[in-house]
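Here is a short walk through one structure, with an eye on how some of its pieces pack together. Have the 3D view open while you read.

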Amino acid sequence: MSPSFKYIAVALAVATTSVLPAGADTAIEKLLGQERRGLNAMSQTRVASYLKAPAATLGYTREWLDSQTPAKGGEDWRCLSEALYFEARGETVKGQFAVAEVILNRVDSPRYPGTICGVVKQGTGQLYGCQFTYTCDGNAEVIAEPRAFERVGKIADIMARGAERPLTGGATHYHTKSVSPSWSRSFPRTADIGTHYFYKQPTRLSQN
């Protein structure tokens, strides 16, 4: 019998006895307390495993992502979700996680704003100054594919909660394979995922 069933069986047996033995209340509380602590430890382990799972075991599959509960969050969650939607909704799940890595790598870098929204919106409104094309391409930012937005919202939630970033080697930049920006000749390439190349900005160079 597992510990959980053992504790429950003991508690029920004592509870249904017409006369409780001396100290029974204390014994029951002790057993239930042990059970609660055990369940709490299991919960923390599952959370830690959940944050590492996409990289470690799940292969970034659409099936796994679709099985996750739809996510909602605050302003940073919304900014990351929108960036993934407008920049990478046509990518594979792995490609979408990779773009999320770039944004969060920038958040961690002293070269860039320290919040997700700050990174995503940096340079918006400046000619050739925006960091993410969709924020300055002149097109209305309309979420026309709610199912796609739900998927990237799940990725945004997972990544913003501190999931590992093993895909891009600390990349701070990416571009589609159909273009060749000038900075890509100076930045070391760290990954090739889907339709994007990924790069890490060298410490010795300023951003182009």
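Tyr-60 has a relative accessibility of 10%, and since anything under 20% counts as buried, this residue is buried. A quick heads-up: we're looking at a predicted model. You'll find Tyr-60 in the loop that runs between helix H2 (24-58) and helix H3 (62-66). Its backbone is worth a look too. Most residues other than glycine have a negative phi. Tyr-60 isn't a glycine, yet its phi is positive, at about 55 degrees.

Now for helix H7. How many of the 15 residues of H7 are buried? The count is 11, so H7 is largely enclosed by the rest of the structure. Among the buried ones are Phe-149, Val-152, Ile-155 and Met-159, and also Arg-151, Lys-154 and Asp-157.

Just after H7 comes Gly-162, with a positive phi of about 110 degrees.

| Helix pair | Axes come within | Crossing angle |
|---|---|---|
| H4 (residues 75-88) and H7 (residues 146-160) | 8 Å | roughly 130 degrees |
| H5 (residues 93-108) and H7 | 10 Å | roughly 45 degrees |

Take H4 first. Its angle of roughly 130 degrees makes H4 oblique to H7, and the crossing is right-handed. On the H4 side, the contact is made by Trp-77, Arg-78, Leu-80, Ser-81, Glu-82, Leu-84 and Tyr-85. The H7 side brings in Ala-148, Phe-149, Val-152, Gly-153, Ile-155, Ala-156, Asp-157 and Met-159. Sort the residues of this contact by class and you get 10 nonpolar, two polar and three charged.

Next up is H5. Because of their crossing angle of roughly 45 degrees, H5 and H7 are oblique to each other. H5 passes H7 in a right-handed crossing. By class, the contact of H5 with H7 has nine nonpolar residues, one polar and one charged.

Definitions and conventions:
Residues are numbered from 1 along each chain as its sequence is written. This is a predicted model: local features need pLDDT of at least 70, side-chain atom pairs count only at pLDDT 80 or more; totals for chains, interfaces and linings use all residues. Side-chain values use heavy atoms; hydrogens and water are left out. Axes are lines fitted to C-alpha atoms, for helices over the stretch in contact, and angles run from 0 to 180 degrees between N-to-C directions. Helices (H or I, at least four residues) and strands (E, at least two) are DSSP runs, numbered from the N terminus. Angles under 35 degrees count as roughly parallel, over 145 as roughly antiparallel, 65 to 115 as roughly perpendicular and the rest as oblique. A crossing is left-handed if the near helix is turned anticlockwise from the far one by less than a right angle, and right-handed if clockwise. Contact means heavy atoms within 4.5 Å. Ala, Val, Leu, Ile, Met, Phe, Trp, Tyr, Cys and Pro count as nonpolar, Asp, Glu, Lys and Arg as charged, and the others, Gly among them, as polar. Buried means under 20% relative accessible area, exposed over 50%, partly exposed in between (1.4 Å probe, protein chains only).
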